[in-house]
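Subject: Structure for your review

Dear colleague,

Please find the structure below, followed by a summary of what was found in it.

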Amino acid sequence: MKFSPEKLNIPDQRMKPFIDPSEIWDLINNTKPDKAAVRDVIAKSLDKQRLTLRETAILINSVGTDLADEIKEGAKTLKEKVYGNRIVLFAPLYVGNRCINNCKYCGFRASNTGAVRKTLSDQEIIMEVEALEDNGQKRLILVYGEHPDYSPEYIAHTVKLVYSIKKGPGEIRRVNINAAPLDIEGFRTVGAAGIGTYQIFQETYHPEAYTWYHLGGKKRDYEYRLTALDRAQEAGIDDVGIGALFGLYDWRFEVLGLVRHTNHLEACYNVGPHTISFPRIKDAMSLNLDNKYETTDDDFKKLVAILRLAVPYTGLILTAREAPDVRREVMQYGVSQIDGGTKLELGSYSDTKNENQNLNREQFKINDSRSLADVIDELLDNDYIPSFCTSCYRMGRTGEHFMEFSVPGFIKRFCTPNAILTLSEYICDYGRGETIDKGWKVIEKNIAKLEPGVASQTREKIERIKAGERDLYF
Ligand code: SAM
Ligand code: SF4
């Protein structure tokens, strides 16, 4: 449904900045939690309603009290009740690290003259994608610095190129983007290439802190970045991802900033963000930041649980910036997507001889460098279904997170069987050693929980996969 503020008789807030720091600080400073209020807020979320800023502030201010455990338990229950045990897997592919900006926290910043600059050639993109396909990847996020070389036309070209690369049984079925904000025309160009999600992180929602970290280049303009996903929506991209870089400013402010951004997109476009990301700053080349706003592991775990409860319908993305033990715990609080087999050095997926290692072409250091196979192995050990599903997006069922969340039976009818089918493909094409056995056991266990009709259709499709058919879904 197209948004028409005049019909609703409300002010048109599209493309308008929507963060009021004093409102957010007032909520942080003056919202008092008590047991009953916290329990009411958790119950509202478990009833599948998005929380208001004030309700989110109640949760935030309970951190440090014995209510924090109830918040984590609430997030776990929500995940189990609504989303079940699927975890979608993806990998980032860094296309180019040229950059005109000077973000103090990033190894790609223009002033970092020690960074070796590189943009993958088409041939190198092909080699990288083939190597990713050889590992079993089906979903990528392409990442770019901000530079005139990375025009909307160039980004669109790389997206189409990636979709066209097919090695053996391998293919990339969903290409997401993390790149600089564009104007409406630019978003249209990239959207027309068939992208999945366009992801842009605000880094910090606090305007003064933002100015302090962004020393030059186009990214210095806080409002242009804040309204970027409005322009994406205006250009017809309704699948957008938001995020904040935790460690730049007070984590409580950023959580409320993310919820405010969600409210804004919902109010203006009838659709909230598809995903929320919550990266923490990691060490990067010549990084020289103090740790005044360091988000501790403990606060990090709580903030993920709070985000899960605050926006119960959104996908939550947890990346290899975090170490395996942190990922293992945080995943329980409602994460829906993780990366596996991640490499950030440009050109390193296809670099079997390690010739590209330590060439100072990576944006920051990751803490989980396990292979995709190892990540999948651990997911299976912990009773998750690793999924490469891309069905909704290709069936035109956009807003799938919202459907999963709001349409009764949707997960059991579509998501779980599709996760099972993509896992079956992975086992047949890329499974090694014990993973094969473990994988089929997890599949059997989860088929047993489906409705009999769906279970038999799923079994029938698995037999077709074993016989060589690919890309079967509901
Ligand atoms: N250049 C584009 C931009 O800045 O939006 C897109 C790509 S940028 C390479 C992707 C994200 O990496 C940034 O939005 C930022 O949140 C994150 N990032 C930058 N430096 C980081 C660091 N030292 N540790 C963790 N994440 C970082
Ligand atoms: Fe460039 Fe993005 Fe890094 Fe900023 S975060 S320096 S814009 S690559």
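Y249 has a relative accessible area of 10% and is therefore buried, where buried means under 20%, exposed over 50% and partly exposed in between, with a 1.4 Å probe and protein chains only. F253, at 0% relative accessibility, likewise counts as buried.

As to conventions, this is a predicted model, in which local features need pLDDT of at least 70, side-chain atom pairs count only at pLDDT 80 or more, and totals for chains, interfaces and linings use all residues. Residues are numbered from 1 along each chain as its sequence is written, chains are lettered from A and ligands numbered from 1 in the order in which they are written, and side-chain values use heavy atoms, leaving out hydrogens and water.

Aromatic pairs

Over the whole structure, the search finds 16 aromatic pairs (rings of Phe, Tyr and Trp, the last by its six-membered ring, with centres within 6.5 Å; planes under 30 degrees apart are stacked, over 60 edge-to-face, the rest tilted). Y249 and F253 make an edge-to-face pair, at 5.3 Å centre to centre and 85° between the planes. Together with W25 and Y293, these two residues form one aromatic cluster. Y144 and Y150 are both buried.

Ligand 1

The surroundings of ligand 1 comprise 20 residues, the closest being Y105, E203, K219, R225 and Q363 (a heavy atom within 4 Å). By class, this shell holds 10 nonpolar, 3 polar and 7 charged residues (Ala, Val, Leu, Ile, Met, Phe, Trp, Tyr, Cys and Pro are nonpolar; Asp, Glu, Lys and Arg are charged; the others, Gly among them, are polar). A polar side-chain atom of E203 lies 2.5 Å from an oxygen atom of ligand 1. Nitrogen atoms of the ligand are approached by backbone N or O atoms, at 2.8 Å in the case of Y105 and at 3.1 Å in that of Y144. On its own, ligand 1 exposes 560 Å², of which the protein buries 97% (Shrake-Rupley method, 1.4 Å probe).

Ligand 2

Which residues surround ligand 2? They are C99, N101, C103, Y105, C106, F108, R109, G145, K219 and Q363. This shell divides into 5 nonpolar, 3 polar and 2 charged residues.

Yours sincerely

Technical notes
A polar contact is a pair of N or O atoms within 3.5 Å; within protein, one must be able to donate a hydrogen and the other to accept it, and residues adjacent in sequence count only if both atoms are side-chain atoms.
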